[in-house]
Amino acid sequence: MDTELIAVCAVQIFVLTLVVVAIVVYLLRHLMCRSRLDVTGRSLVITGCDSALGFDLARRYDHLGFRVYAGFENTAGEAAVRLQADASSRLRIIPLDVTCTASLAAAAKLVKEQLPPLEKGLWALINAATYCVCGELEWQTQKHCEQQFRVNYVGVVDSIRIFLPLLKSGGGRIINVGSLAGGHNDPEPGLSIYSGTKHAVEGLSEALRFELARVGVDVSLVQPDSSFLDKCLFDQHHKKMNEMWNEMTPELRLANQDIFIAYHDRVAKSKSEELEMDDMETATRAQTPTIPVNLCRCFDDALMAKSPSDVYVAVPGCATRFRISLLFCIPSGLRQYIVQQKYKHNIANILKV
């Protein structure tokens with residue numbers, strides 16, 4: 001009896017010790033993550049600055065004191081001119097197309113030549129270039145599918161490969177932009193191709209993190225909520241929908257006409273409301289970022305924390321976080337039913353527009 005009691009006490013002490021150690025490790029890691037680095041003398045490259053996300057990140061980190069190399073496909077466009085006018089003398093506008101390896105190589109060479117003598121290399125590469133076409137898989141053209149993979153996945157891979165020598169020299173970090181739509185926990189019917197590209201980025205980031213650990217390069221993945229798509233990724237939506245419609249077969253048009261047109265009208269209406277809001281906010285745009293505060297916080301931590309997290313999830317509120325956690329825990333059959341019901345409900349609402 002005494003032996004059994006000793007064994008039970010030993011197990012309880014062991015479990016309690018594990019719990020205490022886990023709590024201590026969590027607290028220490030939390031304190032390390034909250035500890036921020038000095039931004040002085042640190043350079044970073046941001047791709048996709050033609051879009052709202054890259055633009056706002058470039059402006060934000062220039063204002064915080066980083067030397068920012070903002071990559072634009074069109075360096076003479078309105079966004080590039082506006083950013084240069086609003087930025088400090090540290091910021092550099094560089095031509096950068098993530099779908100063109102020659103453009104990436106030229107950008108890397110330019111960055112290397114312009115780095116201050118005291119900086120050994122790059123502190124960070126933020127892969128913010130993203131391309132999204134809204135619509136079901138059978139609606140989208142071959143060009144739409146290929147372009148999403150070229151920008152969202154192949155462009156990320158090529159950017160990392162070409163800038164990696166500078167990142168290794170600077171002991172820097174890579175920040176990839178994923179999406180909750182690309183994860184297992186928050187599937188988004190209607191964004192199947194885009195979700196696939198972001199799921200690929202998630203897998204790339206997970207494996208790459210271990211590959212680059214030995215050379216001192218950190219890899220973080222920032223996953224914005226899919227509601228952020230409305231703000232940044234539905235550029236030229238009307239043009240894309242027309243391209244889809246023009247390439248559809250007569251049979252596919254007949255089967256999808258009602259939902260296709262209603263879907264287009266709903267997104268176009270949402271986009272026009274955003275443009276009106278943007279016009280009202282133009283006067284304060286220079287001081288206030290248009291990306292959500294919680295998303296800014298994720299990027300700030302990934303960029304400036306001494307010990308960045310592997311994955312950052314940026315959701316608008318506790319309800320969304322709870323829904324995502326619930327979908328992860330429930331059986332797959334029930335999860336599929338809930339997602340399908342949500343999609344059917346959204347379709348019904350669209351058809352009522």
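A: We begin with a charge over a ring. This is a predicted model, and in it Lys-240 lies over the face of Tyr-131, at 4.5 Å from the ring centre.

Q: Which other residue lies over the face of a ring, at 4.3 Å from the ring centre?
A: That residue is Arg-42, which sits over the face of Trp-123 at 4.3 Å from the ring centre.

Q: How many helices and strands does the protein chain have?
A: The protein chain has 12 helices and seven strands. Of its 353 residues, 44% count as buried. The accessible surface comes to about 18,600 Å², and 60% of that belongs to carbon and sulfur atoms.

Q: What share of the contacts in the protein chain with a separation of 6 or more comes from residues 24 or more positions apart?
A: Such residues account for 74% of those contacts.

Q: How is a pair of aromatic rings described, and how many aromatic pairs does a search of the whole structure find?
A: A pair of aromatic rings is described by the distance of the centres and the angle of the planes. A search of the whole structure finds three aromatic pairs. One of them is formed by Trp-139 and Phe-260, with 5.1 Å centre to centre and 75° between the planes. Planes over 60 degrees apart count as edge-to-face, so the pair of Trp-139 and Phe-260 is edge-to-face.

Q: Where in the chain do Trp-139 and Phe-260 lie?
A: Trp-139 is in the loop between strand E4 (124-127) and helix H5 (142-170), while Phe-260 is in helix H9 (residues 250-281). The two are 121 residues apart, and the pair links distant parts of the chain.

Q: Is Trp-139 buried or exposed? And is Phe-260 buried or exposed?
A: Buried means under 20% relative accessible area. Trp-139 has 2% and is therefore buried. Phe-260 has 5% relative accessibility, so Phe-260 also counts as buried.

Q: What kind of pair do the rings of Trp-245 and Phe-260 make?
A: Their centres are 5.3 Å apart and their planes are at 35°, so the pair is tilted. Trp-245 is in helix H8 (residues 237-247) and Phe-260 in helix H9, 15 residues apart; this pair too links distant parts of the chain. Trp-245 counts as partly exposed because its relative accessibility is 23%. Ring pairs link Trp-139, Trp-245 and Phe-260 into a cluster.

Q: Which side chains can pair when their charged atoms come close?
A: Side chains of opposite charge can do so. In this structure, a search of the whole finds eight salt bridges. Among them is the one where the side chains of Asp-300 and Arg-60 meet, at 2.5 Å, N to O.

Q: Why does the pair of Asp-300 and Arg-60 tie together parts that are 240 residues apart in sequence?
A: The reason is where the partners lie: Asp-300 is in helix H10 (residues 293-304) and Arg-60 in helix H2 (residues 52-63). Asp-300 is buried, with a relative accessible area of 7%, whereas Arg-60 counts as partly exposed at 26% relative accessibility.

Q: What separates Glu-146 and Arg-150 in helix H5?
A: About one helical turn separates them, because they are four residues apart in that helix. Their side chains meet in a salt bridge at 3.8 Å, N to O. Glu-146 counts as partly exposed at 35% relative accessibility, and Arg-150 is partly exposed at 35%.

Q: In which helix do Glu-206 and Arg-209 lie?
A: Both lie in helix H6 (residues 192-213), three residues apart, about one turn of the helix. Glu-206 is partly exposed, with a relative accessible area of 33%, and Arg-209 is buried, with 12%. Salt bridges that share partners join Glu-206, Arg-209 and Asp-310 into one network.

Q: Which residues make the nonpolar surface patch of about 550 Å²?
A: The patch is made by Val-11, Phe-14, Val-15, Leu-18, Val-19 and Ile-23. Of these, Val-11 lies in helix H1 (residues 2-34). Exposed means over 50% relative accessible area; Val-11 has 52%, so Val-11 is exposed.

Methods: Residues numbered from 1 in each chain as written. Predicted model: local features only at pLDDT ≥ 70, side-chain atom pairs only at ≥ 80, totals over all residues. Heavy atoms only, no water. Patch = residues over 30% accessible without salt bridge, like charges linked within 9 Å, V, L, I, M, F, W, Y side chains within 5 Å. Areas by Shrake-Rupley, 256 points an atom, 1.4 Å probe, with all protein chains shown as cover. Salt bridge = Lys/Arg side-chain N within 4 Å of Asp/Glu carboxyl O. Buried < 20%, exposed > 50% of the residue type's maximum accessible area, 1.4 Å probe, protein only. Phe/Tyr/Trp six-rings, centres within 6.5 Å; stacked < 30°, edge-to-face > 60°. Lys NZ or Arg CZ within 6 Å of the ring centre and 35° of its normal. Contact = heavy atoms within 4.5 Å.
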